[in-house]
Amino acid sequence: MSGQGPGTAAGEAARRRTFAVISHPDAGKSTLTEALALHARAITEAGAVHGKAGRRGVSSDWMEMERARGISVTSAVLQFDYRGRVLNLLDTPGHADFSEDTYRVLAAVDCAVMLIDAAKGLEEQTRKLFDVCRHRGIPVITFINKWDRPGREALELLDEIEREFGLRPTPVTWPVGIAGYLRGLVDVREPDAMLRYARTPGGAQQAVEERVDAERAAFEEGADWAQAAEELELLAADGAVHDQDGFLGGASTPVFFGAALPNIGVRLLLDAIVDLAPAPAPRELAGGGRRPLEEEFSGLVFKVQANMDPAHRDRIAFLRVCSGVFRRGMTVTRAASGRPFATKYAHSVFGQDRSMVDTAYPGDVVGLVNATALRVGDTLHAGPPAAFPPLPTFAPEHFAIARPKDIGRSKQFRRGIDQLDEEGVVQVLVSDARGEQAPVLAAVGPMQFDVVAHRMAGEFAAPITLETLPYRLARATDATGGEQLNRSRLVRGEALVRRRDKQVLALFPDTWQAASFERAFPDSPLEPLLAAHQ
Ligand code: G4P
């Protein structure tokens, strides 16, 4: 496949924007997702994406537990056309605890929209997710949401972003009127007018946008217009103007104001995703260099999910296409094993709706059904070999021993635990002291344990008991470190465990204990793992 035109890998990649919305729960991610899709007309009425109570339509919630809690644990992928581009919006789980999954989704996007609640500013989950974006070099567009409700001052919110993230905020839209009294928005690229919105109750349809010129805005909005104009002058004098290189390089973030629920400012955000967000670029390979977009097909499995649809017991591997053209039915190679993998059952997954996918291009996400052989982090390729760097495993902070409730079901127990380990639902650690029948489950957030317990009982008919362990951190070590730990009496033997990749980990109740060990054995290798919480 060569060339840049339509239907070629490079030509189609240039038309794609693959992104995720990151936010603290309740900031309005589901609402914004719906508003974006509505503007792009992927759905006809807001409320069709997440199927929240009373809303109809495609639901990305798939487990009973999720429904009971009203949270979204899984990720769906929404694809829509807008202004001649193809937008892939990857949904990230909504719950603060379920963060590891979110990190993996971020490995599959080229840009993130950071959604901030105008009344709350930067929140815990926003910080963590932003750290991952910075770590991965993902450019961030900021959307300050809920401006229709009382909240903080615009300049103060910008200060907070700059101070806490060291990211230069460069407003692209600016509100006329304080939070809770939104009169309209100024597109700073056309500062001689204001955009006014006619509200649509419940955001059920697109808001109607009216352009009001400066003279009329000054007459009709008086002090609010004057203040906005003054603030804009201040910002311009301060050099807070969008700079594409700064944005792509992670030094600045274009900022948009609005309100997702009444659909205010959403079009401008959508335009920014098309105009500012980067198109898929050649992806870095594990051995150095990059896989050219026009090279034969390659893709990265960033998520594996079993039993998404209770009607069919199946397992879907979500694959982001990184180069070439994916055609359903093609046989590709799984880089890790060198074995062929048939792609007969390739779907696009929109909430719970699936449809067959025939071709996909760089930036697109394909759901491979019944992909039992695939693991998170796998590379699939056609033609010349490719292997992308493994996805990071984060430092667990919660530990619990899992045991089968019914000892007679230990086979099902092992099968279930192995499967959940492979899916990356939790990390499974084994200690010599306890053996395989009592593995230690390790999680970034404790909700991962609930998911394991639920799925072990429901899918594997092997209900488990969980005994929480008093450890809070893990450090990587090796056989020497392990021996010293055993002898040190500072840690009990049971705190020495092995991960599936054979990495030996030492568990400690706190950093103080880890530090005492390091002082006692200064030559012993004890490496911190990649922190999910910084
Ligand atoms: P999440 O996915 O980030 O968790 O947030 P979600 O979209 O569910 O929004 C959280 C709450 O904030 C919802 O209200 C939603 O209607 C509200 N919201 C989102 N965007 C805006 C906005 O721009 N303006 C205002 N005023 N509210 C907004 P809820 O009552 O908790 O839920 P629901 O019953 O309305 O779904």
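**Exercise 1. How many aromatic pairs does the count come to, and how are two of them arranged?**

Solution. The structure is a predicted model, in which local features need pLDDT of at least 70 and side-chain atom pairs count only at pLDDT 80 or more, while totals for chains, interfaces and linings use all residues. Residues are numbered from 1 along each chain as its sequence is written, and side-chain values use heavy atoms, with hydrogens and water left out.

Begin with the rule: rings of Phe, Tyr and Trp (its six-membered ring) pair if their centres lie within 6.5 Å, and planes under 30 degrees apart count as stacked, over 60 as edge-to-face and the rest as tilted. By this rule the count comes to seven aromatic pairs. Tryptophan 174 and phenylalanine 257 have ring centres 5.1 Å apart and planes at 75°, so this pair is edge-to-face. The pair links distant parts of the chain, since tryptophan 174 belongs to strand 7 (residues 173–176) and phenylalanine 257 to strand 11 (residues 252–257), 83 residues apart. Strands (E, at least two residues) and helices (H or I, at least four) are DSSP runs, numbered from the N terminus. Both tryptophan 174 and phenylalanine 257 are buried, where buried means under 20% relative accessible area, exposed over 50% and partly exposed in between (1.4 Å probe, protein chains only).

Next take phenylalanine 508 and phenylalanine 517, whose ring centres are 6.4 Å apart with planes at 45°, so the pair is tilted. Phenylalanine 508 is buried, as is phenylalanine 517. Finally, Trp147, Trp174 and Phe257 form one aromatic cluster.

**Exercise 2. In what order do the four strands of the open sheet stand, and which strands are at the edges?**

Solution. The order is 29-30-28-31, with antiparallel pairing. Strand 29 (496–498) and strand 31 (527–528) stand at the edges, each with a single partner strand, so one side of each is left without a neighbour in the sheet. Two strands pair if DSSP finds at least two bridges between them; strand 28 (residues 473–477) and strand 30 (residues 504–508) pair in the antiparallel sense over five bridges. One example is threonine 477, whose bridge partner in strand 30 is valine 504.

**Exercise 3. Which strands does strand 14 join through bridges, and how well is strand 14 covered?**

Solution. Strand 14 (residues 298–306) is mostly covered, with nine of its nine residues buried. Eight bridges join strand 14 to strand 15 (residues 315–323), and these two run antiparallel. Three bridges join strand 14 to strand 23 (residues 379–381), again running antiparallel.

**Exercise 4. How many residues of helix 2 are buried, and what covers them?**

Solution. Eleven of the eleven residues of helix 2 (residues 29–39) are buried, so described as mostly covered by the definition of buried given above. Among them are Lys29, Glu34 and His39. What covers the buried residues of helix 2 includes strand 1 (16–23), strand 4 (111–117) and helix 10 (266–275).

**Exercise 5. Over which rings do the charged ends of arginine 183 and arginine 283 sit?**

Solution. A charge sits over a ring if NZ of Lys or CZ of Arg is within 6 Å of the ring centre and within 35 degrees of the ring normal. The charged end of arginine 183 sits over the ring of tyrosine 181, 4.8 Å from its centre, and that of arginine 283 over the ring of phenylalanine 388, 5.9 Å from its centre.

Conventions: Contact = heavy atoms within 4.5 Å.
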